[in-house]
Amino acid sequence: ADRLYSDLPYVRKHVLAPLVAHLASDLLLYLSLPELRQPALIAHHLLTGALAQLATHPVPYTHHYILFFAGAAELSNLPLGWIELCKLLPPVRAASPGGYSAARAVFAASFVTLRLLLWPAVTVRFWSDSLLALRGDVACASRGATSFYLASNAVLTAMQLGWGVIICRCR
């Protein structure tokens, strides 16, 4: 239960707050630029934003797991940011073709490691803890929030796997 309900101020301040700001700014970009308007990305950001809100209200929830799902897993987005910038601004890519190629390799390696190998392992533990809570074996502050998190995790895990297939096909 401690992994589900521990309140970690670091997570609130340094993971959730920046995550919400990042999601909001990305969502504005996705909605305003037709070349970025992809339904899967918009759905991902809306779902992740709802999860971030539930992580602090009405009680702290899943901060332990947020360190991975919204922290460590997001590291794969650093090289992706450079890749997307190069796609939107071809002169940037032309000025640094080696940087673009390196970013693609780092992105693929980090995505596979973080989102295809580690994500499912952390997901198993998260589901185990959550199902114990739903069964009543450990404290459960909100069956609705726990169920929403489980359903959302299933959707987000499927998205990771789908994107992983695309990434592996492009290599």
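The expected span of a helix is 1.5 Å times one less than its number of residues. I am working from a predicted model.

**Entry 1: H3, length and burial**

I checked H3 against that rule. H3 has 16 residues and should therefore span 22 Å at 1.5 Å a residue; its end C-alpha atoms lie 23 Å apart, which agrees. I then looked up which residues of H3 are buried, and found Leu-41, Ile-42, His-44, His-45, Leu-47, Thr-48, Leu-51 and Ala-52. The cover over these buried residues includes H2 and H8.

**Entry 2: Thr-48**

I picked out Thr-48, which sits in helix H3. Is Thr-48 buried or exposed? The cut-off for buried is under 20% relative accessible area. Thr-48 has 13% relative accessibility, so I count Thr-48 as buried. Leaving out residues up to four places away in sequence, I find Thr-48 touching Leu-19, Leu-23 and Leu-156.

**Entry 3: H3 against H8**

I next took the pair H3 (residues 39–54) and H8 (residues 143–170). Their axes come within 11 Å and cross at roughly 145°. The crossing of H3 past H8 is left-handed. On the H3 side I listed Ala-40, Leu-41, Ala-43, His-44, Leu-47, Thr-48, Ala-50, Leu-51, Ala-52 and Leu-54. On the H8 side the contact is made by Ala-145, Phe-148, Tyr-149, Ser-152, Val-155, Leu-156, Met-159, Gln-160 and Trp-163. Sorted by class, the residues of this contact between H3 and H8 are 15 nonpolar, four polar and no charged.

**Entry 4: H2 against H4**

H2 and H4 make a left-handed crossing. H2 contributes Tyr-10, Val-11, Arg-12, Val-15, Leu-16 and Leu-19, which meet His-63, Ile-66, Leu-67, Ala-70 and Gly-71 of H4. I sorted the contact of H2 with H4 into eight nonpolar, two polar and one charged residues.

**Entry 5: H5**

Last, I looked at H5 (residues 77–88). This helix has twelve residues and reaches 16 Å from its first C-alpha to its last, close to the 16 Å expected at 1.5 Å a residue. Which residues of H5 are buried? I found Pro-79, Ile-83 and Cys-86. They cover an arc of only 60° around the axis, so I place them on the same side of H5. I also noted what they pack against: the buried residues of H5 meet helix H6 (90–95) and helix H7 (97–135).

Conventions. Residues numbered from 1 in each chain as written. Predicted model: local features only at pLDDT ≥ 70, side-chain atom pairs only at ≥ 80, totals over all residues. Heavy atoms only, no water. Helix = DSSP H or I, 4+ residues; strand = E, 2+ residues; numbered from the N terminus. Buried < 20%, exposed > 50% of the residue type's maximum accessible area, 1.4 Å probe, protein only. Arc of directions from axis to C-beta. Contact = heavy atoms within 4.5 Å. Axes fitted to C-alpha atoms, helices over the stretch in contact; angles between N-to-C directions. Left-handed = near helix turned anticlockwise from the far one by under 90°. Nonpolar A, V, L, I, M, F, W, Y, C, P; charged D, E, K, R; others polar.
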